[in-house]
Amino acid sequence: MTEALATTGFSREAVIALSRRKGEPEWMLQKRLQAWEIYEQTPAPLGRRGDLGTLQRLARFHFQELYPYLPADGNGALPAPIEEGLRDALVGASERSGLVLQRNSSVVRVELSEELRSRGVILTDLDTAVREHGDLVQRYFMTQAVPLATDKYTALHAAFWSGGIFLYIPSGVEIEEPILAQIWLDAPAAAAFAHTLIIADELSSARYVEEYASAFEGEQPSLLSAVVEVFTKNGARIEYTSLQDLGRNVWSVMHKNSIHEADSSVSWVMADLGSRLTFSNIGSNLIGNGSATELVGVFFSDQDQRFVIKSLSNHVGLSTNAETLVHGALADESRVEFDGMIRVQPGAQQTASFLSEHNLLLSKHCRAEAIPGLEIGANEVSASHGATTGQVDEEQLFYLMARGLPRDEAERIIVQGFFEPVLQRITLDSLRTRLRRNIVRRMRGGHESEADWIEAQERWEIEGVDEGAVSFDRPSEEEEIRLLPE
Amino acid sequence: MASELVIKNLHASIEGKPILRGVDLVVRQGEVHALMGPNGSGKSTLANVIMGNPKYEVTDGEIWFKGENILEYSPDRRARMGLFLAFQYPMAIPGVSVANFLRRALEAVREGPRPVGEENPSGRPAPRKTIPPSEFRNLLREKMKLLKVDNSFINRSINDGFSGGEKKRAEILQMALLEPEIAMMDETDSGLDIDALKIVSDSVNALRGPKLGLLVITHYQRILNYIVPDFVHVMFDGRIVRSGGKELALELEEKGYEWLRPEGSEVAVND
Ligand SMILES: Nc1ncnc2c1ncn2[C@@H]1O[C@H](COP(=O)(O)OP(=O)(O)OP(=O)(O)O)[C@@H](O)[C@H]1O
Ligand SMILES: [Mg+2]
């Protein structure tokens, strides 16, 4: 391997070495070099004055101490933690129609059912896609959904991407069983770049489940840079679900965006539990008339974790719909910034857009900041947004305690209830279970045993909760904007 | 021996403002007491202080239950000793189903007063003796039938989106399920329609007996026609100023409260 790739630090030489190593066509090399130039010229986003300072902290991360590329080791066997993680995947071997496994810089496994292959579905690593479907990649890779110049981090991603997943679903093909992707980081001081490019042709549909995980010890941090680009052609439907459960020695930067043609929809489900620091951007560009998007988000932070979550519903076409619903709990000294934007472009009539974000503070030392934003350029719009941040209600606690429940249990039940409205919106049972379990464990300070869990699970299952009876909006605190033509 | 709730010279304040100014009261299992009095006189405060609401500060006096001074006990410990409060304004708890919550509560109450987790310095709750879901469901159904509560109720979130009357009925359902020794009903009758009042009163009367002591807080004679009290107390400005038999309630209905106003007390703000 060329020297520039084998040492720590990002450089122009390393960009060239990486592209050579992959034997890429000239256009991709040029794209990488262009991105590198932008990276060098662009300052890191620093957030606003007076915010919680997470982006500043990210900007000070020691990027130059990372290896830009980790070669896959020879025999292709998976280390035990990854084998295990794959066994416990959100979508089991018998339930999925496809699988992609990326370990550090390389995709090490790709599987697709024979049936889908014969119907023209393409699922490959991105290197293969560059070779075999160059026209599509050239057209869609970091051009529209997440343009490479979006910010300094996307520029770095475009210059150094490696591994990567390409999924193409031909017109009219509907994939019922989910496709699973697992992205693993198992080395310290590594930069891993996970790129997901999904093109759903007209009237096609698919469910895609992505898990980000890590398996290495020590303080020496690694970086995961993820970009997800989703294109839905006329009438296509994509359900994208991700679970970020990285170790506390991983920092991550994520950009996810969809570009919609008419009547297409994307439903995003995003759960953030792990990592030391995550900067997560999620957006939907509703360009085609009648397109729709939904974002359901769940997070739970503790210790010194920091999350910055930015969402954007960008309404361009006529009669587009967006709904963003995020619930998160913070414990210990963790900090979370949520920035949710609804943007209605001039001419985007009959837009309906809703956003609500609720933070629950479980300690005196955690801090949350929620800034819902609204920019309206059309006049036939129904939009509302609202955010709340609060502690567990003392009167609710007293009510449960007055019925005999000890304080810690009462608190746990209230927190579980707080998450329930968003959990109810998650269609993937295994993810709902995983999140509930995580909530129970964290509320028990990590003391949860198998028996505790079985008991907690049984509770949920006795009768369930009627979705209709659960209210998650607190209208009094919401700002409502309703503009209708005279 | 019948359990006794004994309140002695109880003083309590909220946010530094004195509300209870020396309450003396004894409620025994098997007795029904009515507590009446003008708005803001401190009736709900008394019930909340007895239950251990941390919002209130007890500045003087004692609360004894079953021979123990329970002032320092947590609300859950008091509940597990057999105290119950049907709230004037029950809290909604979104996302927590009535069934799950009540099963939990019943297990806790059956477990008795030993505080769970006390002997666990790890902070881990001690394993709890669980009630099998089927047994619990049957028990709950039975109580629901008694209170004519709709079946869908158990799947709903606690008090969330309940009408005023539904909340009150749900409180009594909880009381019927948890079988307390001394129960306080804080204005359970307000917000109930005439039929609901009858249903609730019938259920309470069905629970009446040597094992239940009741403190019924109300503004109206009507509920006392159904749940006939053994004693009636009138609270004014944080003190019980008059106690008597059931005829006292009738007298109040006729004359109002003013004639009982203690000397030197201000006119109530919201009356
Ligand atoms: N959070 C608070 N801060 C200050 N004063 C309070 C607070 N809560 C209650 N109070 C006051 O305490 C007094 C007693 O209230 P309480 O609710 O006990 O009266 P009540 O007899 O139950 O009245 P009602 O018949 O209207 O239910 C009232 O003057 C009320 O304004
Ligand atoms: Mg009251």
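Analyst: **Helix packing and buried positions**

Directly after helix α2(A) comes G23(A), a residue with a positive phi, near 65°. This and everything below refers to a predicted model. The helix itself, residues 12-22 of chain A, has as its buried residues A14(A), V15(A), I16(A), A17(A), L18(A), S19(A) and K22(A). The cover over these buried residues includes α1 (3-6), α3 (26-41), α7 (126-132) and α9 (152-160), which also belong to chain A.

Further along chain A, helix α10 (residues 394-401) and helix α11 (residues 407-423) have axes that come within 9 Å of each other and cross at roughly 120°. The two helices α10(A) and α11(A) are therefore oblique to each other, and the crossing in which α10(A) passes α11(A) is right-handed. On the α10(A) side the contact is made by E394(A), Q396(A), L397(A), L400(A) and M401(A), which meet R407(A), A410(A), E411(A), I413(A) and I414(A) of α11(A). By residue type, this contact of α10(A) with α11(A) divides into six nonpolar, one polar and three charged residues.

Leaving aside residues up to four places away in sequence, V91(A) touches R96(A), P178(A), L180(A), V209(A) and L428(A). I175(A), by comparison, is 84 residues from V91(A) along the chain, and the C-alpha atoms of the two are separated by 14 Å.

Helix α4 (residues 133-146) of chain B packs with helix α5 (residues 164-178) of chain B at an angle of about 130°, their axes being 10 Å apart. That angle makes α4(B) oblique to α5(B), and α4(B) passes α5(B) in a right-handed crossing. Here F136(B), L139(B), L140(B), K143(B) and M144(B) of α4(B) meet L173(B), A176(B) and L177(B) of α5(B), and the residues of this contact divide into seven nonpolar, no polar and one charged.

L106(B) counts as buried at 3% relative accessibility, and it touches I131(B), F136(B), L139(B), L177(B) and L178(B), residues up to four places away in sequence not being counted. Computed along the sequence A92(B) is 14 residues from L106(B), while in space the two stand 19 Å apart, C-alpha to C-alpha. Another buried residue of chain B is S203(B), with a relative accessibility of 2%; its place is in helix α6 (residues 194-207), and its contacts, again without residues up to four places away in sequence, are L146(B) and L147(B).

The metal site is in chain B too, where S44(B) through OG and Q88(B) through OE1 coordinate the magnesium ion (ligand 2) at 2.0 to 2.2 Å. The pair links distant parts of the chain, 44 residues apart: S44(B) belongs to helix α1 (residues 43-51), whereas Q88(B) is in the loop between β6 (83-86) and β7 (93-97). Of this pair, Q88(B) counts as buried, at 15% relative accessibility.

Definitions and conventions: Residues are numbered from 1 along each chain as its sequence is written. Chains are lettered from A and ligands numbered from 1 in the order in which they are written. This is a predicted model: local features need pLDDT of at least 70, side-chain atom pairs count only at pLDDT 80 or more; totals for chains, interfaces and linings use all residues. Side-chain values use heavy atoms; hydrogens and water are left out. Donors are N, O and S atoms within 2.8 Å of the metal (3.2 Å for Na, K and Ca); water is not among the atoms, so sites may look incomplete. Helices (H or I, at least four residues) and strands (E, at least two) are DSSP runs, numbered from the N terminus. Buried means under 20% relative accessible area, exposed over 50%, partly exposed in between (1.4 Å probe, protein chains only). Axes are lines fitted to C-alpha atoms, for helices over the stretch in contact, and angles run from 0 to 180 degrees between N-to-C directions. Angles under 35 degrees count as roughly parallel, over 145 as roughly antiparallel, 65 to 115 as roughly perpendicular and the rest as oblique. A crossing is left-handed if the near helix is turned anticlockwise from the far one by less than a right angle, and right-handed if clockwise. Contact means heavy atoms within 4.5 Å. Ala, Val, Leu, Ile, Met, Phe, Trp, Tyr, Cys and Pro count as nonpolar, Asp, Glu, Lys and Arg as charged, and the others, Gly among them, as polar.
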